Amino acid sequence: MSVVPMRITEIFFSIQGESSYAGLPCAFVRTTGCDLRCTWCDSEYTFTGGTHMSVEEILERIRAYPTRLVELTGGEPLLQKDIYELAGRLLDEGYTVLIETGGHRDVSRLDPRIIKVLDIKCPGSGMVEKNLWSNLDHITRRDEVKFVLADLADYFWAREILRIYRLEQRTNVLFSTVFGVDQRPIVERLLADGLQVRFQTQLHKLIWPADMRGV
């Protein structure tokens, strides 16, 4: 067992704001540090700072919350060496564990019991060249692939990626827009094209102020 502490920005209890688990009570572990710089990033406060915590300290915090659903997010959680131990301990204790990752770090080492929410960076993010396409070889029916769309150009790009990698047949696909972007043109195009994807909003930003932390 590692004794190297993880760097954590915040641990909190809220509802799941995105993914197929949206609306469910969830404990969140938000790690510190990210090696991407998406143009629309809404969590730049995770880039620096944070508090050093051991896996056991994090587990103690999570156990205090009345939920069996946990999300590991960031920043980029796969930058933390002990994320694998933390995920494994949570899974062994019977938690359902989601990990949201930027799509540029290798996911092959993750415990197969974990539910991967893998971002595919669209051109509007400014990070499209960072996508690690081999990650799609490790995506299963349990996992989710997420596209954040800045505009219709991103939508058409994402539609092509769905076709190339047959993602609608292989996994759960999530489309959402950058917060504040007019969603109607994208949703209407999605319906016209008959895509088998889940369109989602950031539910927590509709309940609390969009820049509020810890929700």
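So, are glutamate 85 and arginine 89 buried or exposed? Both are buried, where buried means under 20% relative accessible area, exposed over 50% and partly exposed in between, with a 1.4 Å probe and protein chains only.

Quick note before we go on. This is a predicted model, so to speak of local features we need pLDDT of at least 70, and side-chain atom pairs count only at pLDDT 80 or more, while totals for chains, interfaces and linings use all residues. Residues are numbered from 1 along each chain as its sequence is written, and side-chain values use heavy atoms, with hydrogens and water left out.

Okay, back to our pair. Glutamate 85 and arginine 89 form a salt bridge, with the closest N and O atoms 3.7 Å apart; the term means a side-chain nitrogen of Lys or Arg within 4 Å of a carboxyl oxygen of Asp or Glu. Both sit in helix H2, residues 83-92, 4 residues apart, about one turn of the helix. Helices here are DSSP runs of H or I, at least four residues, and they're numbered from the N terminus.

How many salt bridges does a search of the whole structure find? It finds 17.

Another one joins arginine 184 to glutamate 188, closest N and O atoms 2.7 Å apart. Arginine 184 counts as exposed because its relative accessibility is 59%, while glutamate 188, at 42%, is partly exposed. There's also a network: Glu18, Glu100, Asp119, Lys121 and Lys146 are joined by salt bridges that share partners.

Last stop, histidine 204, in helix H6, residues 203-207. Its relative accessibility is 17%, so it counts as buried.

Definitions and conventions:
Helices (H or I, at least four residues) and strands (E, at least two) are DSSP runs, numbered from the N terminus.
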